[in-house]
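Biologist: Please take me through this model one point at a time. I would like the cut-offs along with the answers.

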Amino acid sequence: MAGNEGSWFYIVPFYKLRSPGDNVVVGDKVILNPVNAGQPLHASNYDLVDNVGCKEVNSVNCNTSWKITLFMDYKENQDDILKGGDVVRLFHAEQEKFLTGDDYKKRQHVFLRTTGRTSATAATCSKALWEIEVVHHDPCRGGAGHWNSLFRFKHLATGHYLAAEVDNDTAPDQMRSKLRGQNGLAVYNLVSVPHGHDIASIFELDPTTLTRGDSLVPQSSYVRLRHLCTNTWAHSTSIPIDKDEDKPIMCKVGCASIKEDKEAFAIVPVSALEVRDLDFANDSSKVLGSISEKLEKSSITQNERRFVSQLLRDVIFFVGAQVDTLEYEFAKPDRERQKLLREQNILKQIFKILQAPFKDTGGNGAMLKMEELGETRQAPFRHICRLCYRILKISQNDYRKNQEYIAKQFPFMQRQIGYDVLAEETITALLHNNRLDKHIAEAGILTFVSLVRKNKECRFLDYLADLCVSNHVAIPVTQELICKCMLDGKNNDILIETKLVRTQFEAEADFEVDDGDGDRDGDGDPQREPRYSYDEEFDVILSWDAGEKNKSLRDLALGSSENCKEDVKILDYYRYQQDLFSHMFLDRQYLAINILSPQLDIDLILRCMSDDELPFELRAAFTRLMLHMHVDRDPQEQATPVKYARLWSEIPTELSIDDYESNMSKDATKESVKIKFESTIHFVENFLADVSCHKNSLFVDNEQNKLTFGIVNLGRHLIYFGFYSFSDLVRLSRFWTVYQSRKRL
C-alpha cells in the first residue's frame, strides 16, 4: 500500500555513540517515533489472534530498539532484474499453461491450469501469482537474484510455499515413464507447504541459454526449475488432479532426475496494481468469512456490523467505482476485479452472510427471520443484505463465469424475494439477455406473481418480461411457465381487462319540409322539421380489481396528463402489462396468443395505436402487441425475395412492375388475411407520411421516437410477410427514409 499520514517516523539513535543528525548505517540500533502518535514503536509479547505465530506491534511509552538490516543494495534495484519481493507468473512455454495453486477437495494443490481461451497467455488467474524470495543466510536479506542463487516461491493468495515431495501416483503418463528411466528412479511432484523455513521449498533456476553463473537473472526470461533437496527437475504431465470433473483443468506437475530441455517456464512480471488488488480481495474474503461465522453463532457486535457494512461498500467501490453504492446505475465494472471476487471466494462469503442470520445451526432457532427484516430495529441487517446483493449484481455484469457461479444459488435467492433486499433486481439482472433458463422453476415464477399481487408494482411485471427473452430471442420454456401462471383464472384479479364497448346515441337533425304548394311561415323561410337518427361510437374500457373498478382508457390518459396519482399508477401498470404480453407472444408463442387474441383483436389494438389522445409510450406498447400477436403468426410466412438467378431465356426484353405482378400467382389465404390488415397498413403509411412532413422536428421527442420505431418495425414486418406489392413499395419508398434512421432512435 502507499501508506498515509500515519506512516511517517522519526529515526532516533538508541545508543549514545550516535547523535541526531548522523548518517544511519546498516547495523545501527534505532528508536522509531511515529510523527502523529508521540510514543515509540514497541514490539509486544502478545500474540495476534488473527495471525497465529505473530506478535503485536504497538506504540507505548518505552524504548524498544530496532536494528537496521539491509534488504537490498541500491545497485541491485533495477526494473529489469529479478529481485526478492517481485511478484511473477510462471508460464510453461511448451504446454502454454500457468503454474497455479488452488484448493481442491479441501487440499491445496499445485498444477498447470488448462484454459479454453484462444490465447493461453490471456488466461490470467489471481491464484497463479508467486512472490520471489532470494535465499540468504540472513533471513532478512533479499536483493537481486543470480543464476547461482537459491530461490523460494511464495503463493501470494495463500501464503504457502512451492515445494516437492515423493509422488506414489500410479496413473500412467508417457512423459513420466520417460523421465523415470530404465533404473526406475523416484518421481516427485510439486506441492505447497505452509512454512518457508522448510528446506523442501528451495529451488534453483537454470537458464535456457549459455550464461555465467554469477550474472543477474533478467526479469523476463525462460528458466528450468531444479528442486535442490531431491536434485530433480520440474516437468509437465497429463495426469489430471480433478479427474472426477467433467472437464479436468488441473494437470499435475512432476519432478524427475532427468532434465528435459523443453520443460521451461517463462517468468512473467506482475504489476504492483494487480498485487494490491489481490491483497485487498484476499483480506476482504478472510474478514467476510469471519463475519459469516459470527452471524451463524449470533455473536456479532454493533461495531462489527458497522465494520462489515463499510467493507461491503469498499468492495462495491472496488469493482464498480461509483458514487452511490445502492444506486441502480453504475459504471462499467472492472473485469479483472470481477474475476477476483470469484477466485478469492468473496462471492462465496457473500452468500454465507446472506444465509447465516436466517440459519438454525445450534438448535436454538435462527438469529433472524426474513419477515423481521422490515422492522426498524433490523434495518442494519437489511442494509447489509442489500449491499451483498448489490455486489452480486455488479459482479455478474457482462461476465459469464460469474453469472454461472451465482446462478447455482437461484433456489436460495428466490426465497429472499419480496423482502426489500434487492434479491429480485439481482435475479432479473442476472437473467437479462442470458440463457440461464434451466435455473428458473415454476416456484420462482409463482414468487414473482405473488409479488405482483401483493405490491401491484410495475417493476415486477418488468422482471417477468425480462425472463421471457434473451438478446431479443424468446425463451419458450420460461414463456410457457409465465403464461400458465399469469393467465391462470386464479390470477385474473392482478390483470387489467380490456374491452371495446359500443355505445349508441341519438342524433337530432333539421330537415326542410316541402309539400309542393310553396307555403312558408311568417319569416319567409322554408319550414323545418326535426328528425332523429342513431349513431355509434366505440370506447376502450379498462377493468381491474376483478371488475369492481373500470374507466375509459382516454379518461385515464387525461387524468395521467393532469398528474392524478391513481390514474398515473393504473396507466403505468397497464403499459407494463401490455409489454409483458408482447414478450409472452414473442417468436409465435401460441399458448399465450390463443388465449389473449380474442380479447385483444386487431380492431381494438389499432384504435389504441392510432388514438392521439393516448401517451406515446402506451401507443408504442400496443404497436408491439399488434406485431407479436397478430402480424408475426400463422399463416404469415416471409415473402420470397426477387429471384436473381434465372435463365436468359426466362428474362423478357421489357418488363414493368405491373407485368411482373400480373405474372405472380396470388395466394388466396394471404389475400384473405391481407384484407384484415388493410386498416393497419393504411395507418402505417399515413403515420410515416406525417412523420416525413415534419423533418425539422424528427427525433426531438424521445417518447414519440419509441412509437415511431415501433411503427417502422411493424411496417418492416408487413413488408417481409408480403403484405405490400412492388407498386406499393415504390409508393412507400418516399417515406422509408425514417427506417434508415431507426438505429438512431
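This is a predicted model: local features need pLDDT of at least 70, side-chain atom pairs count only at pLDDT 80 or more; totals for chains, interfaces and linings use all residues.

Biologist: Does Asp 545 count as buried, exposed or partly exposed?

Modeller: Buried means under 20% relative accessible area, exposed over 50%, and partly exposed in between, with a 1.4 Å probe and protein chains only. Asp 545 has a relative accessibility of 26%. Asp 545 is therefore classed as partly exposed.

Biologist: Which residue forms a salt bridge with Asp 545?

Modeller: A salt bridge here is a side-chain nitrogen of Lys or Arg within 4 Å of a carboxyl oxygen of Asp or Glu. For Asp 545, the closest N and O atoms of the pair are 3.7 Å apart. The partner is Lys 549.

Biologist: How many residues apart in sequence are the parts that Arg 588 and Asp 632 tie together?

Modeller: Arg 588 and Asp 632 meet in a salt bridge, N to O at 2.9 Å. Arg 588 sits in the loop between α14 and α15, and Asp 632 in the loop between α17 and α18, so the parts tied together are apart in sequence by 44 residues.

Biologist: Of Arg 588 and Asp 632, which counts as buried?

Modeller: Arg 588, at 21% relative accessibility, is partly exposed. The other member of the pair is at 15%, so the buried one is Asp 632.

Biologist: What does the salt bridge of Glu 296 with Lys 359 tie together?

Modeller: The closest N and O atoms of Glu 296 and Lys 359 are 3.8 Å apart. Helices (H or I, at least four residues) and strands (E, at least two) are DSSP runs, numbered from the N terminus. Glu 296 belongs to one helix and Lys 359 to a loop, so the pair ties α2 to the loop between α5 and α6.

Biologist: How many salt bridges does the rule give?

Modeller: Some share partners: Asp 572, Arg 575, Glu 617, Glu 703 and Lys 706 are joined into one network. Under this rule the salt bridges number 38.

Biologist: How many residues of helix α9 are buried?

Modeller: Helix α9 spans residues 423–431 and is mostly covered. Its buried residues include Ile 427, Leu 430 and Leu 431. Among the elements covering them, by contact (heavy atoms within 4.5 Å), are α6, α10 and α11. The buried count in α9 is 8 of 9.

Biologist: Which residue in β5 stands opposite Val 30?

Modeller: Val 30 faces a residue of β5, a strand that runs antiparallel to β2. That residue is Trp 66.

Definitions and conventions: Residues are numbered from 1 along each chain as its sequence is written. Side-chain values use heavy atoms; hydrogens and water are left out. Two strands pair if DSSP finds at least two bridges between them.
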